[in-house]
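Please read it beside the sequence and the model.

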Number of protein chains: 2
Amino acid sequence: MARIADASLAAAVSEAGGLGIIACGGAHLDWVEEQVRKARSLTDKPIGANVMLMDPRAAEVAQLLADLKIDAVTTGAGSPVDYLPLWKEAGIKVIPVVATTAQAKRMERLGADAVVAEGTEAGGHVGELTTMALVPSVREAVSIPVIAAGGIADGRGLCAAFALGAEGVQMGTRFLTVEECTVCDPWKQKVLGAKDSDTIVTGRGTGHPVRGLKNRFARECRKRELACTNPDDLEGMYAGSLKRAVEGDMENGSVMAGQIAAVVRERGTAAQVISQVIEEAEALCNLDIESLAALNARQGRMLDD
Amino acid sequence: MARIADASLAAAVSEAGGLGIIACGGAHLDWVEEQVRKARSLTDKPIGANVMLMDPRAAEVAQLLADLKIDAVTTGAGSPVDYLPLWKEAGIKVIPVVATTAQAKRMERLGADAVVAEGTEAGGHVGELTTMALVPSVREAVSIPVIAAGGIADGRGLCAAFALGAEGVQMGTRFLTVEECTVCDPWKQKVLGAKDSDTIVTGRGTGHPVRGLKNRFARECRKRELACTNPDDLEGMYAGSLKRAVEGDMENGSVMAGQIAAVVRERGTAAQVISQVIEEAEALCNLDIESLAALNARQGRMLDD
């Protein structure tokens, strides 16, 4: 969640028992250092950071996080091969985000401590495989822990992810609306109001597809992509689009969110989300398969009453 | 599974406790009648049929199925509004396949008995929403039973689908490789050998995206689609592509399969698949969430041994 997940959200998530992640994508070094120190002043629990490997400052950020001895690093948009020795030497847990089983196997060979297997339903940069298809395949292929991401916003998703083979889950979209998330309120309102068909993938042609909520920007991107506009002109459109959204322009910015925004209807705090998700998942996991089906049937009929 | 799911597979699935579906898409009326009668000679259990609503013969097939008093009809690629009264009057259970929550609500209003909520990981004609995102949203929106489809080939998928809100599952890809499926053996071998990234969606530009296994045909389609080839020329490529695959041309035909082909490595019989899937799902559902995580951790470590 580049330009969104800062010390406020990360510390709240870690303090509540999760692993909060500070998103370093597109950020300046002093901001990263400031946020890590701030998060550590807010919680004694482990704190993680995400390094966007396409970021021109990735190498400097990687070194800074090693110097700061951040507890865990997740990586996206590339291979962390150049930074793994550095991070491992600093005692940092390295958890690459992968979109295919082949990537997961490569990351394990390189010495990754775990992988985040992220389905295409996620918000932001996405691959083609869905969580339902990716997680079981990755689980069968690697011996390190598999953390599922994409399409998970509640206990149903957590329980499903564990049934598919995950040992943990990463949630982004659900945390966009919590009190401690400093993203602008119009963005939160757009997530709270989203229907399941309100997200769209742009940039498929460029090799860097991104999922966000439909708006003027996304529709215009898609129109030009389908019309085979010159890639350079498209790059011009994408450039700065996340910054515009972060600054509050919900029509001309890239308002990233996952498909699961459809079931996100509450704000709450990070602690409330985490306890609700675990409570709901535990309740579901305590049901046998007939009882699960009966519960789902009851929930349907309740709509009639 | 147009041109694939015939009386042999449908009867075997129904006889094993599932609901076997005869795929009528692209088929002639006499073939449909022959297959329904044949299936009924092979099992006393209920038999279903799928009507592909874009099929030019859809109206005649709809009438024939009513006359034959088929037990259940699933529909795809359109709205069954014109045929619902006919089918309901014949005592047929009508189960439309939907790709969005809005479609599911519309189908419920029209009097559908249940919906199949199919994620984009499925093979053949697909929508944009994944099973993880679609099923919980549909479950919250309709009071009729929700059957999950897309990305389900084993007990992990069944358990996950039920956790997400489904009361049943539809599986296609897993049944492609069973003994009773009459699809050509090269197709079965391609599914058995598929990696998770071996499927691709063609036809996104045409509004009728289809997922199949990568081959010369699919790569050529994608190349022309990205190059914005004249839609008429593209239609020319798609025309007859399923027939070519069914006739054994694995390079120039549309070899439809879902992403979950990645975990399909066995043939077996329909009865074996159904009992294995239920057994595995029951075992998973009997674990609490910590035990599920521990099981997944063990499965990972077993690869090391």
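## An antiparallel sheet and its helix

In strand β10 of chain A, Val210(A) is the bridge partner of Thr202(A). The model is a predicted one, in which local features need pLDDT of at least 70 and side-chain atom pairs count only at pLDDT 80 or more, while totals for chains, interfaces and linings use all residues. Residues are numbered from 1 along each chain as its sequence is written, chains are lettered from A and ligands numbered from 1 in the order in which they are written, and side-chain values use heavy atoms, with hydrogens and water left out.

β10(A) covers residues 210-213 and runs antiparallel to β9(A), to which four bridges join it; here strands are DSSP runs of E with at least two residues, helices are runs of H or I with at least four, and both are numbered from the N terminus. Two strands count as paired if DSSP finds at least two bridges between them. The open sheet has three strands of chain A in the order β6-β10-β9, with antiparallel pairing. Its edge strands, each pairing on one side only, are β6 (124-125) and β9 (199-202) of chain A. Helix α10 of chain A (residues 216-226) packs on this sheet and touches β9 and β10 of chain A, contact meaning heavy atoms within 4.5 Å. The direction of α10(A) makes about 45° with that of β9(A), where axes are lines fitted to C-alpha atoms, for helices over the stretch in contact, and angles run from 0 to 180 degrees between N-to-C directions.

## Parallel strands

Strands β3 (residues 72-76) and β4 (residues 93-98) of chain A pair in the parallel sense over four bridges, with Val94(A) of β4(A) as the bridge partner of Val73(A). β4(A) also pairs in the parallel sense with β5 (residues 115-118) of chain A, over two bridges, and in β5(A) Val116(A) stands opposite Val97(A).

## Cysteines and a covered helix

Over all chains, a search of the whole structure finds zero disulfides, a disulfide being a pair of cysteine sulfur atoms within 2.5 Å. For Cys24(A), the closest cysteine sulfur is in Cys181(A), 15 Å away and therefore too far for a bond. Cys285(A) is in no disulfide either, and the nearest cysteine sulfur, that of Cys159(A), is 3.2 Å away.

Cys24(A) is buried at a relative accessible area of 1%, and Cys285(A) is buried at 5%; buried means under 20%, exposed over 50% and partly exposed in between, with a 1.4 Å probe and protein chains only. Helix α7 of chain A (residues 155-164) is mostly covered, with ten of its ten residues buried, among them Cys159(A) and Phe162(A). Gly165(A), which follows α7(A), has a positive phi near 130°.
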